[in-house]
Amino acid sequence: MLNYVIRRILIAIPVLFGVTIINFIIMRMAPGSPIDMLVSPKLPAAAIEAKKVELGLNSPVYVQYYHWLKNLVLHGDLGYSMITYESVTKMIWSHMGPTVLLMGTSLILGVAIAIPLGVLSATRQYSKLDYTAMTGSFLGISVPSFFLGLGLIYIFSLQLHWLPSSGMTVLGGSGGVVDVLRHMILPVIVLTASVAGRNVRYVRSSMLEIMGQEYLRTARAKGLREFLVVNRHAMRNALIPIVTVLGMEIPILFGGAVVIEQIFSWPGIGQLTLSSIMSRDYSTIMGLNLVAAFVVILANLLTDVLYALVDPRIKYSYQGAAKS
Amino acid sequence: MNLFKRYFIRRSEPAVGTDLVWTERDGSSKGMFFIRFKRHKLAVAGVFALCVIALCAVLAPFITAYAPTTVTDSFGEGPSWKHPLGTDLVGRDMLSRLIYAARVSLAVGIGAVAISAAIGTVLGLISGYVGGWIDGIIMRITDIFMSFPYIMLILVVSSIVGPGLLNIILILGVLGWPGVARLVRGNVLSIKQMDYVKASVVLGFRMPRILFQHILPNTVAPILIYATSGVALAILDEAALSFLGLGVQPPTPSWGNMLASAQSLTVLLSQSWLWLPPGVLIIITVLSINFIGDALRDTLDPKNNK
């Protein structure tokens, strides 16, 4: 097991490295030099030149990359925003909480809906419930999240006045758990709909595949109750591939957060991303991209390890490969 | 299309002089394909809806009463006989803009997927067939691309190269290939073990011939299925980008940027004709494509012989 985990980490390292290189290349491709932001155009050319030398902008690109990477690895320093001059690391950190709250809740709720619904529609294939669930899942993946968000705001905020349409707390209010929860409901519904929509179909098809296996016939033949056949024998195996699919949800949720947070004015990573793109704050954008990529790689690593834990076949096949 | 045809015909034509161990089911594979496909009522409806939308998009100049950028004398007014779906805040006819916007969505969907499928297929074929360190490098590159959250990467790149229809197609196309590459590589790895591929190697065929004439036709079906859902995703991505103001830019109509006006709560509350129709059209288009994709998955699956 340890062997497998180490191998998996070793594979992740060059990927992480590549991510930083691509990130750096994109940052270099961005129009305008950071120097234009830092000094006033009235300064004499010699002073600008001196500032460039001081910031290391005259050295070759690979040297710049090396310094940038060194700062990142040793100090966790992503540089400073070109617009607000705040530390990018701090900015990202302060926006992380709301996004994690939103994404985490939606992911948990989405899975909590998708797994039972997928299993039920697989066990009752072609029933009314199956058709309803499948239609719902198609709608979940086909309705643009921003349109669903607008529709919900229209119904629940503007027509019924039940829920607030934007922000995380009432302005000037005391905040508090209930307040945040009320603001969370609509964005969480939108994200949950897409998570559940995507995963119901995966769970269902994975379950259907398992239901045709011989060992389920054996389980039934020895007189096991259907409930146990489904829950003990079929579901456990059907849910293994779902672990990987869940790992793939993380980048999709990150992307979805950008749109959803914009519509609901949710003060998270997505809004920070969009506002820094609008103001062309490249150092912040790159920091965000890097953090997001890091989270995704970490999530992939975790799902792979988890996969090996729940499915012993993976572990053994790796051990076999290592010996041969 | 040629590949598509070959994929179905070669399964129905037994080589001359061989004894058939079992007889083919009634009719050709092509006939079977349509019979199976027709069983999916929703997919048939999807094909119909898409045909209508595509026809409108192609014939846009002939069926619209106004050019998409013509400013009329009514501003932000509701549906009337003169403007069946009202006018937008600048005074342009909504129905004409909706029809022209269909061009944008379909162009983005098909263009982007064509690019990413082409890149992904070639890289996947090479990666799977050649193997070794080339495979390792290509797969690590796909890993790197897949590590960035897709939408975020698109947003960043589009903010650098600038918005616009052609750029959106290029960005979505160039960033969308890793999924296809992985899929094709996986298929090639198993097809590579088949006897007919080994035979081609023994016969001394060159690699391009083996790759494109012997292996590719046998992995067209999964690529086609993947591409179908890719078209739906590309249309959704374009809509989201344009909605955020980073996609197709305003004088050119796109369903996404038409929805952007609904970000103002007054428009959302009292001028529903400005945001409801483009949203509904996106849903209909994407839903149709997804239904078709699902039906293709069912009908093209060789294991499925119902």
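## The interface between chain A and chain B

In this predicted model, 49 residues of chain A are in contact with 40 residues of chain B. Between them the two chains bury about 3900 Å², and 81% of this area lies on carbon and sulfur atoms. The size of an interface is often expressed in this way, as the accessible area that is lost when the parts come together.

Charged and polar pairings across this interface can be listed briefly. The rule finds 1 salt bridge between chain A and chain B, and in it the side chain of A:Arg201 meets that of B:Asp294 with an N to O distance of 3.5 Å. For polar contacts, the count across the interface of chain A and chain B is 1 residue pair, with both residues at pLDDT 80 or more.

## The side of chain A that touches chain B

Several helices of chain A each supply at least two residues of the side that touches chain B, namely α1 (2-29), α6 (128-142), α7 (145-159), α11 (240-264), α12 (269-278) and α13 (282-310). When the residues of this side of chain A are divided by class, 38 are nonpolar, 9 are polar and 2 are charged.

## Aromatic pairs

Over all chains, a search of the whole structure finds 6 aromatic pairs. One of them is formed by A:Phe138 and B:Phe291, whose ring centres lie 4.8 Å apart and whose planes stand at 55° to each other, an arrangement that counts as tilted. The pair joins two chains, because A:Phe138 lies in helix α6 of chain A whereas B:Phe291 lies in helix α15 (residues 276-300) of chain B. A:Phe138 and B:Phe291 are both buried.

## The architecture of chain A

The secondary structure of chain A consists of 14 helices and 0 strands, and accordingly the elements, read from the N terminus on, run α-α-α-α-α-α-α-α-α-α-α-α-α-α. Of the 324 residues in chain A, 43% are buried.

The contacts within chain A can also be described by their separation in sequence: among those between residues at least 6 apart, 71% join residues that are at least 24 apart.

Technical notes:
Residues numbered from 1 in each chain as written. Chains lettered and ligands numbered in written order. Predicted model: local features only at pLDDT ≥ 70, side-chain atom pairs only at ≥ 80, totals over all residues. Heavy atoms only, no water. Contact = heavy atoms within 4.5 Å. Buried area = accessible area lost by both parts, 1.4 Å probe. Salt bridge = Lys/Arg side-chain N within 4 Å of Asp/Glu carboxyl O. Polar contact = N/O pair within 3.5 Å; in protein donor to acceptor, adjacent residues only side chain to side chain. Helix = DSSP H or I, 4+ residues; strand = E, 2+ residues; numbered from the N terminus. Nonpolar A, V, L, I, M, F, W, Y, C, P; charged D, E, K, R; others polar. Phe/Tyr/Trp six-rings, centres within 6.5 Å; stacked < 30°, edge-to-face > 60°. Buried < 20%, exposed > 50% of the residue type's maximum accessible area, 1.4 Å probe, protein only.
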